[in-house]
Amino acid sequence: MNEPTPADRTALELLRRLALDLRWSWNHATDALWSRLEPDLWERTRNPWVVLRTVSPKRLAQLLADVQFRTQIDRLAAASAEATQNTAWFQRTYPSCALTRVAYFSMEFMLSEALPIYAGGLGNVAGDHMKAASDLGIPVIGVGLLYQQGYFRQVIGRDGSQQAFFPYNDPGQLPVRPLRTADGEWLRLRLQLPGHALWLRAWQVAVGRSQLYLLDSNDIANHPAHRGITSELYGGGSELRLQQELVLGIGGWRLLELLNLRPEVCHLNEGHAAFVALDRARAFMQENAQPFDVALAVTRAGNLFTTHTAVPAGFDLFSPQLIEQYLGRYAAEQLYIPLPKLLALGRREPHNPAEPFNMAYLAVRGSAAINGVSRLHGEVSRRIFQPLFERWPAVDVPVSHITNGIHTPSWDSSTADELWTDACGKGRWIGDLDSIGERIRELPDQRVWACRSSGRSALVDYARERLALQLATSGATAEEIETARHLFRPDVLTLGFARRFAGYKRPNLLLHDPERLVRLLTNPQQPVQLIIAGKAHPDDEAGQALVREWVRFVRRQDVRAHAMFLDDYDMLLTEQLVQGVDVWINTPRRPWEACGTSGMKLLVNGGLNLSELDGWWAEAYDPQVGWALGDGREHDEDAAWDAVEAAQLLELLETRVVPSFYQHDPQGIPREWVARVRESMARLTPVYSANRSAREYLQQCYLPAAENFQTRARNRGEIGAQMAAWLATLDYNWGAIRFGELRIHTSEDRHHFTVQLHLGALRPESVRMELYADASGAEPVFRIPMSRTADLSTADTQVYVGSVSAHRPASDYTPRAIPIYPGAQVPLEAPYILWQR
């Protein structure tokens, strides 16, 4: 082969840049390019980097000699450069603001099947957030881990059991590149673990405008046991999990320091990343010669904690002994605090030596804002964290919510993309979403139904081939494999259920009455076909039993033509399912599904949801856009209630869903069904997009956090030092304050309150007096400030007055004293409260 010409080398470099920018995972303009290089490999992997690394030099030379191919490369490279360098929504909307960078820390990122460093929902949210930030120009960088194995791959054996495999993630086949210093050396950083130094290699992933930085411990210089720290996502025991979270939080922050990237905001995606709060404070201490308390008061103003956990058992807990082993020297030599003080940050009872260290509690105490991931999950999280805010009512526990959204361009089919483009324009997801819903409502029924029919037909083709391959892998007969290639019909109502197989998700709810389900599936006048997929954790025997139950059901002679279980539920399978199914079924036990995003992915493609009133569906449901399961209340693990909902689910399918799908007019269109599809697309798709959620994070969290951090950090943390002194004063003196006399009198339509408060050594400016009433019937929670009357107050006793409407009894109202300080987040940073009793 001839030596490449300069023009060839330029073209190869452009191909390399295109292949290494994961923008191709949602912008499919380059798909035809990779297909021309290696069509079979591209179809199997959807990994441009593997295609480019694998294609033969001869084939590549032939294509580079093709003028049209060269022109195509130049055009795509120019379009990519323009898309990632032009002025985006954020720059246009906020041309001058305090925010220059957000660092987003997460244990997993679901960006593409070509980069398998994710397990499920948490990674889905992280990956879609990164993509939406890129689209909008929000300056987010990601920080995570590069796993040698990632999450496990699933194969269903001949006996119906799940088998787990852990293929090696060869960095040479992943769309990542080593992060190098200015002189070309591979960037490595050193952490101190007990007895050994740990060397971490750094990698970089381009995600459109955004960058994702990954750390891995598989460095030849490491102790053999340490090379496997980043071996497997969510594998191993407690010690390995602690090591991984140290690498993510402390190693991740130090990587940013080496890169001279100083984010105003650190976004902790779950408590796994909480150690970043400690090391960010450590860095501020060193740079500004301040003690730990001051540094934490400054830096937590720029930290945001997003919790995805719906039950306390989901939080990572570590024994005090393990924390001492790994962080004892760190606390003493780098934070200059005793170990008990560090342990107190992760405990409900700071001085209880037996209490384990809770990473979520550390995240709470290291942040100035906390949010759940749906409206209902915000309520649940306030209950979960209420023990940290003793005597505060749940409504005042400082947890807000921003409901998750999905990155719509990553999940729409080509047919749906064409429909949305015709109605709303090509740039519909890279700015404000005003009016796009109305444009979808203007689409004719024929167009909407054609889109749905196309998606269903494509899914049937894909499912047939995937099942045939699955059967061949498990040793099925040639006849069984050939039969699989002819299962299902493209004109039959297609249901999808694909989840992690865990008890609280109740994946076997449909199987509560299997014979009734069989009758539903096999009705010759109104047939139904069902696709099931999902993994159970390798250590979850109960979850694996649920997988076996479903596999055995779909293998029944009377069922196999109407239902299939597709193994190895991954991102590629998810894409096909959400683009093709007519109805997505979701059956979690309320309120254990924090949000759930799978059902959101259907919206842009015209699929409908039939779901428990949990997570996002609890706020999205309306009879015009789908169907709801349950009564909107919590029933815990009640087997009798599970039976009630199982029957309700089948009744909904039998009497509402199936008849609506098959109620066609003379033109062959189910008008009622199409109306529901169109309204779901128009109303829900924009609201449950990552475009909306990313803008909410920016406006509600990132911008205020950046401003607050910069305010506290000025003059080497002057305001932070004042706030730390105020907190120390509160801690020392709050226990001494007490209420005095309370007088209440009612005149006409007002209750008038006068109350005394003995502040001891505290200054009146440090305390806010309020009148508070709980919600009662139709009356909401009520709170108003009371006014201090200087003429009635003395040096020892402060007097406060306030009045409220008399439409509620005076006994509903209670005076309470809480701390107050300019810019302080109360009760998050100062959880003190005193009630008049």
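Which backbone nitrogen does the side chain of Asp 216 reach at 2.9 Å? Keep that in mind while setting up. The model is predicted: local features need pLDDT of at least 70, side-chain atom pairs count only at pLDDT 80 or more, and totals for chains, interfaces and linings use all residues. Residues are numbered from 1 along each chain as its sequence is written, and side-chain values use heavy atoms, with hydrogens and water left out.

**Stop 1: Asp 216**

Select Asp 216, in strand E8 (residues 210-216). Helices (H or I, at least four residues) and strands (E, at least two) are DSSP runs, numbered from the N terminus. The nitrogen in question belongs to Asn 218. A polar contact is a pair of N or O atoms within 3.5 Å; within protein, one must be able to donate a hydrogen and the other to accept it, and residues adjacent in sequence count only if both atoms are side-chain atoms.

Asp 216 counts as buried because its relative accessible area is 2%. Buried means under 20%, exposed over 50%, and partly exposed in between (1.4 Å probe, protein chains only). Now show what Asp 216 touches: Leu 146, Trp 199, Leu 200, Arg 201, Trp 203 and Thr 230, not counting residues up to four places away in sequence. Contact means heavy atoms within 4.5 Å.

**Stop 2**

Move to strand E6 (residues 188-193). Its side chains alternate. Leu 189, Leu 191 and Leu 193 point to one face and are buried.

E6 pairs with strand E7 (residues 196-207) in the antiparallel sense, over six bridges. Two strands pair if DSSP finds at least two bridges between them. Pick Arg 190: its bridge partner in E7 is Trp 199. Trp 199 is also among the residues that Asp 216 touches. Two residues lie between the strands of the hairpin, where Gly 195 takes a positive phi near 85°.

**Stop 3**

Select helix H8 (residues 121-136). Its 16 residues reach 22 Å from first C-alpha to last, close to the 22 Å expected at 1.5 Å a residue. The expected span is 1.5 Å times one less than the number of residues. H8 is mostly covered, with 15 of its 16 residues buried. Gly 137 follows H8, with a positive phi near 80°.

Next, display the largest cavity, with about 80 Å³ of space. A cavity is a set of points, on a 1 Å grid over the protein atoms alone, where a 1.4 Å probe fits but cannot get out; lining residues have an atom within 4 Å of a point. The largest cavity has 13 lining residues, and Val 125, His 129, Asn 404, Ser 693 and Tyr 697 lie nearest its centre. H8, strand E9 (265-269) and helix H29 (690-733) each supply at least two residues of this lining.

**Stop 4: helix H23**

Go to helix H23 (residues 541-554). At its start, a side-chain oxygen of Asp 540 reaches to within 3.2 Å of the backbone nitrogen of Ala 542. Among the buried residues of H23 are Leu 546, Trp 550 and Phe 553. Their cover includes helix H22 (514-522) and strand E16 (528-533).

**Stop 5: an open sheet**

Finish on four strands in the order E21-E22-E26-E25, with antiparallel pairing. Strand E21 (738-747) and strand E25 (787-788) are the edges, each pairing on one side only. Eight bridges join E22 (residues 750-758) to E26 (residues 798-805). Select Phe 753: opposite stands Gly 802 in E26.

Definitions and conventions
On a 1 Å grid over the protein atoms alone, a cavity is a set of points where a 1.4 Å probe fits but cannot get out, and a pocket is an open set with protein on both sides within 12 Å along at least five of seven lines; lining residues have an atom within 4 Å of a point. Grid points are joined across faces, edges and corners, and a volume is the space filled by probe spheres set on the points.
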